[in-house]
Structure formats: structure tokens, C-alpha cells
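Hi,

Here is the structure I promised to pass on.

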Amino acid sequence: MRDAILELLRENKGSFVSGQRMSEHCDVSRTAIWKHIEALRKKGYVIESFTKKGYRLMDEPDIMSWLEMESVLTTKSFGRHYKYLESVESTNRIGREMANEGAPEGTVIVAEEQVAGRGRLDRGWYSPYGKGLWFSLILRPKFPPIEAPKCTLMAAVALIKAFRRLGLQTAGIKWPNDILVNGRKLVGILTEMNGSMEEISYIVMGIGINTSSTLEEIPDFLKDIATSFAMEGVTVDRREALNTILEELEMQYNKVLAEGFNSTLAEWKELSITLGKDVEVRAPGNTYEGKAIDLDQDGNLMIERADGSVERVVAGDVSI
Ligand code: BTN
């Protein structure tokens, strides 16, 4: 009911819709319409009302609820099952719970804030209310589990393509999956898999993107290493941004399902800021320096050391 009212107001945004027309359209009393309008106002919708004229939608809240997202979403499958939470420990945790309960591929879990957002290598992820896109996507690919880590590379490629469409041209990928702008991190991706040796039951791909935090707002320990769209001078509407990102993720994923990972890995190499650089590798139990020379077909980073030997980095962190 509330959706129908909002739809009618949106179709006539800035113009009045009479209470009579609304009550006929929705087949409820004018008192019921008024109650729904009040509820929408409490959620942050700015709706003017004048006797004899009716109601007029002036502004909508900057939130990621389904009510707001539905009118923007243009994907076929990604985000069509949508779970919105104002505050949550971690969207990846909810993603795993929902996937265990059978949530379909393409389900997206979005939160305004995460109070215990999780990063790679057991780190935290700063996720303040309304200042970013904190979401997880459930995938159920049919390819073997060994391919799963490449989904993270696929996501990084899709994100850069989405960012270009959103007006940010300068982002690059640091292996394996950080997206940096001018040396500072804009995005983190945390991919978690569940399954057996033979098949993937599900992948929960958690993506955190700083959209509007300013340098003053971010905590001191992040000031030198993090950035946001706003800090890079690009204003984004979070709902448009999420839609663009889901579109690109859906396209890239369908490409991988149809053709395998090869072309995505080639795109990753083109967008990489790691390849060709002298780097320090911090792999479990081993820190060393070398030159990042290539990505192998499994998405591992190839490092040439000073003595000419070549190491393959499967997991770890790399500083440029
Ligand atoms: C990294 O360390 O670079 C990965 C950070 C991933 C953060 C995202 S935000 C949405 C999802 N939920 C989480 O708890 N983490 C991921």
C-alpha cells in the first residue's frame, strides 16, 4: 500500500495529487492515505499537504531501503532479492545466514551502518551510518571451488567499470582486491565461500565503498590510507551507485559463467596498479621484496626476486 502511494507521488513529483485520487487509486479511505503519508514523513520523505490540493512529494530520504531502491534498480537478478538493515554487525554475517537458509543467487544485503564490519586478514572495516555502500552479494556458481578466489578479481574489475560510469576515472586495483585512488583505499572486498571440495554451496561477496566520508570525519588511523568518492571530488547518489555496481557485477559474472575467467583476468591486468611495480610481499610467515611481473591463470601474483627466482603469491598483502 505504502509502495503504491509512493509510486503515485513519485510519478507526480513536485505536483499535487489529491487525497481523493489517491484513495481511489489505492482503494482505501482518505484517512488511511493520511496515516500512510504520516508514516512516510517519519521515514524522512518530505511531503507537503494543502487542503483542497492534496499531497506533493518534495524530497526523499537518502537511504538504501527497498522502497527507495526499487525504483532505481535495473538489473535482471542481482539485488532483486534485497535485505535492508539500518544497523548490523556485518552484512557478510547476515549473507551467510541467509545463504544457509536458501537465499537465491543475486540476493543483496545492504546496511546503512555496520557496527562490527569485517575486513580481510581479520581486520575490521569502518562503516559509518549513511557514508558508504556496505553490502554483500550471494552467488551460487557451478564452477569448482578452486575458482572461487577469482570471483574477487571479477568484482574488482566490475567495480572499476562501474566507477568510470559514475565519473571516477582514476581508480586502479592493488592485488588481490583493493581498489585505490591516488594511493588511498576506496573499496574493500571480502569474499567468503561455503561448500565441499567438489562444489561451491555459496559465495558471500562483501563490498565496502566509502562514498561521502570527509577527511575530517574519518578516524585518525585511516586518514593517510583511506579515501572516498567525496574526497576525490566526485558526488554520487548511493542508490544510483549501487545500481550501476550491481549492473556491472551482473554483466561480469554472466561473462565469467559463459566464457570462463580468462578475459576477466586480462581486464584485471589492464586495470592493475600492482603489475610492473617493486613491491613488498607479506605472505603468511614470509616477508620479502620483488617485482610484480604477472598474474597467473588462477589469479595468483607472480613476483620476481632480486636473484631472478619467481614466487607465486596465493594469499597475503602487497605494498607498492
Ligand atoms: C578489506 O579488508 O579490504 C575487505 C573489506 C570488506 C568490507 C565489506 S563492507 C560489507 C561487507 N561486510 C563486512 O563485514 N565486510 C564487507
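**What I found**

Residues 24 or more positions apart make up 60% of the protein chain's contacts with a separation of 6 or more; a contact here is two residues whose C-beta atoms, placed from the backbone, lie within 7 Å. Two things to know before reading on: this is a predicted model, where local features need pLDDT of at least 70, side-chain atom pairs count only at pLDDT 80 or more, and totals for chains, interfaces and linings use all residues. Residues are numbered from 1 along each chain as its sequence is written.

**The chain overall**

The protein chain has eight helices and 14 strands (DSSP runs numbered from the N terminus, with H or I over at least four residues for helices and E over at least two for strands). Its C-alpha atoms fill a box of roughly 85 × 45 × 30 Å along the principal axes. Of the 320 residues, 38% count as buried, meaning 20 or more other C-beta atoms within 10 Å of their own; 12 or fewer is exposed, and in between is partly exposed, with C-beta atoms placed from the backbone.

**The sheet**

Seven strands make an open, mixed sheet, in the order β3-β4-β5-β9-β8-β7-β6. Strands pair if DSSP finds at least two bridges between them. At the edges sit β3 (82-88) and β6 (171-174), each pairing on one side only. β7 (residues 178-181) runs antiparallel to β8, with three bridges joining them, and I179 stands opposite V187 in β8.

**Around the ligand**

The ligand has 21 residues around it, and S90, G119, G188, G206 and G208 are the closest (near means a C-beta atom, placed from the backbone, within 6 Å). α5 (91-100), β5 (132-139), β8 (184-195) and β9 (200-210) each give two or more residues to this shell.

The UniProt annotation "binding site", from an unreviewed entry, covers S90, T91, N92, Q114, R118, G119, R120 and K185. UniProt positions follow the numbering used here, feature names are shortened, and annotations may be inferred rather than shown by experiment.

Two of those annotated residues are worth a click. T91 is in helix α5 and is buried, because 28 other C-beta atoms lie within 10 Å. Leaving out residues up to four places away in sequence, T91 touches I109, V110 and W134, among others. G119 is in the loop between β4 (108-114) and β5, and counts as partly exposed because it has 15 C-beta neighbours inside 10 Å.

Cheers
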